[in-house]
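Here is a short report on one protein model. Look first at the sequence and the fold, then read on.

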Amino acid sequence: MRKFYGVFSLFILCFVVGYSVIYCTTDQAQVNRDPAAVRNNFDFSHLNGEKLHEAVKQRLLTGLELRKTPAGTGIGLGHFVFVDDRGQKKLACQEFGKVFLSFEAEGVSVAGEKPVMEIEGRCEYSPDMTKISPLFVPVAKILGERPGDGEFQFNEGAPVTVRFSNLPEEWPRTWLLKSVKLFNEKASEALVIESDEVARHLGHPMVLSW
């Protein structure tokens, strides 16, 4: 009988510890997704209409950063909170599941057309929720391939697709950011920053050099 109670007590103890771990992990995940946890200067829930659009676009671009490694370059954007049509606070990446970055090659043209590079990846935010996690372009791998129109799909880490069109015989090495798009696949809605807005909000060209 003592052995039975000992085994039973051990079972209860393991159950309580396991439940606590699961509860804490779940609770932490909920906290990490709480729009209220974002710093006030990235919270645009008090804005609407044109003021909201301008604030969001400026935040995306002024939060832009490049992270270079020997293997390639990561391109991150600023993150933000807004209020949706139902009046609920949302994180940008909760509303928009995909990010698209479009570049044009500098100083190169093919039959009068600029080479174009489009980078597509998931919209995922950083642990502090102030950044959209960088889309990583494995430049070293791309340069090891023969230039040609088409796309590369990279699934190591966060999946990224890189598409090219109007390419010359050699890889262009300097690319200018032309547009940024956040896309909601379910609603088929997009937030787009066009080339003139990129220049206006940044105040200078955003150059990606390989």
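This is a predicted model: local features need pLDDT of at least 70, side-chain atom pairs count only at pLDDT 80 or more, and totals for chains, interfaces and linings use all residues. Residues are numbered from 1 along each chain as its sequence is written, and side-chain values use heavy atoms, with hydrogens and water left out.

**The sheet**

Three strands build it in the order 1-2-7, with antiparallel pairing. Strands are DSSP runs (E, at least two residues), numbered from the N terminus. Two strands pair if DSSP finds at least two bridges between them. Strand 1 (65-69) and strand 7 (131-137) are the edge strands, since each pairs on one side only. On average, neighbouring strands of this sheet are turned by 20° against each other, direction ignored. The axes are lines fitted to C-alpha atoms.

Now look at one pairing. Strand 2 (residues 72-78) and strand 7 are antiparallel and share five bridges. Thr 73 faces Val 137 of strand 7.

**Two loop residues with positive phi**

Ala 111 has a positive phi, although it is not a glycine. Asn 166 also has a positive phi and is not a glycine either. Where do they sit? Ala 111 lies in the loop between strand 5 (98-105) and strand 6 (116-122). Asn 166 lies in the loop between strand 9 (160-165) and strand 10 (174-184).

| Residue | Phi | Relative accessibility |
|---|---|---|
| Ala 111 | about 55° | 81% |
| Asn 166 | about 60° | 25% |

Ala 111 counts as exposed because its relative accessibility is 81%. Asn 166, at 25%, counts as partly exposed. The cut-offs are under 20% relative accessible area for buried, over 50% for exposed, and in between for partly exposed (1.4 Å probe, protein chains only).

Notes:
Helix = DSSP H or I, 4+ residues; strand = E, 2+ residues; numbered from the N terminus. Axes fitted to C-alpha atoms, helices over the stretch in contact; angles between N-to-C directions.
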